Amino acid sequence: MADDFSYKIEKELGVISEGKGGWRTELNFISWGDRPAKFDIRAWSPNHEKMGKGITLTKDDLTALRKLLDSLPEAQD
């Protein structure tokens with residue numbers, strides 16, 4: 001149950017954005033519950049003590065997301 005929740009950040013890949021209070025939206029490679037690591041996008045507090053909601057992606061999912069983002073027209077301000 002909730003007591004069995006575990007994760008290990010295998011590799012910090014990059015920061016997408018930083019908000020007030022030092023919380024950062026990051027792309028990391030994380031193993032959840034001792035399962036094989038996957039790509040993960042979510043907000044983290046400083047020192048990774050707390051986390052926000054996020055999304056976990058396989059390599060195929062991440063590749064598909066990249067293709068989708070590359071196909072979008074340039075954002076206009």
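**View 1. Tyr 7 faces Trp 32 across the pairing of strand 1 with strand 2.** In this predicted model, Tyr 7 stands opposite Trp 32, a residue of strand 2. Strand 1 (residues 7-18) and strand 2 (residues 24-32) run antiparallel and are joined by 9 bridges. Strands are DSSP runs of E with at least two residues, and helices are DSSP runs of H or I with at least four residues, both numbered from the N terminus. Two strands are taken to pair if DSSP finds at least two bridges between them. A hairpin is formed by strand 1 and strand 2, with 5 residues between them. In its turn, Gly 21 has a positive phi of about 80°. Residue numbers start from 1 along each chain as its sequence is written. Because the model is predicted, local features need pLDDT of at least 70 and side-chain atom pairs count only at pLDDT 80 or more, whereas totals for chains, interfaces and linings use all residues; side-chain values use heavy atoms, with hydrogens and water left out.

View 2. Thr 25 has Ala 43 of strand 3 as its bridge partner. Strand 2 and strand 3 form a hairpin with 5 residues between them. Gly 33, in the turn of this hairpin, has a positive phi of about 60°.

View 3. The structure contains 3 aromatic pairs, defined for rings of Phe, Tyr and Trp (its six-membered ring) whose centres lie within 6.5 Å; planes under 30 degrees apart count as stacked, over 60 as edge-to-face and the rest as tilted. For Tyr 7 and Trp 44, the ring centres are 5.5 Å apart and the planes are at 50°, so this pair is tilted. Tyr 7 belongs to strand 1 and Trp 44 to strand 3, so the pair ties together parts that are 37 residues apart in sequence. Tyr 7 is partly exposed at 30% relative accessibility, while Trp 44 is buried at 0%. Buried means under 20% relative accessible area, exposed means over 50%, and partly exposed lies in between (1.4 Å probe, protein chains only). Tyr 7, Trp 32 and Trp 44 together form one aromatic cluster.

**View 4. Phe 29 and Phe 39 form a tilted aromatic pair.** Their rings lie 4.9 Å centre to centre, with 55° between the planes. Phe 29 is in strand 2 and Phe 39 in strand 3, so the pair ties together parts that are 10 residues apart in sequence. Phe 29 is partly exposed, at 28% relative accessibility. Phe 39 is buried, with a relative accessible area of 17%.

**View 5. Glu 26 is in contact with Arg 24 and Asn 28.** Glu 26 is located in strand 2 and is buried, with a relative accessible area of 2%. Arg 24 is partly exposed, with a relative accessible area of 28%. These two residues form a salt bridge in which the closest N and O atoms are 3.0 Å apart. A salt bridge is a side-chain nitrogen of Lys or Arg within 4 Å of a carboxyl oxygen of Asp or Glu. The side chains of Glu 26 and Asn 28 are joined by a polar contact of 2.9 Å. A polar contact is a pair of N or O atoms within 3.5 Å; within protein, one must be able to donate a hydrogen and the other to accept it, and residues adjacent in sequence count only if both atoms are side-chain atoms.

**View 6. Arg 42 forms a salt bridge with Asp 40.** The closest N and O atoms of the two residues are 2.7 Å apart. Arg 42 counts as buried at 10% relative accessibility, and Asp 40 counts as buried at 0%. A search of the whole structure finds 3 salt bridges.

View 7. Asp 70 and Arg 66 are both exposed.
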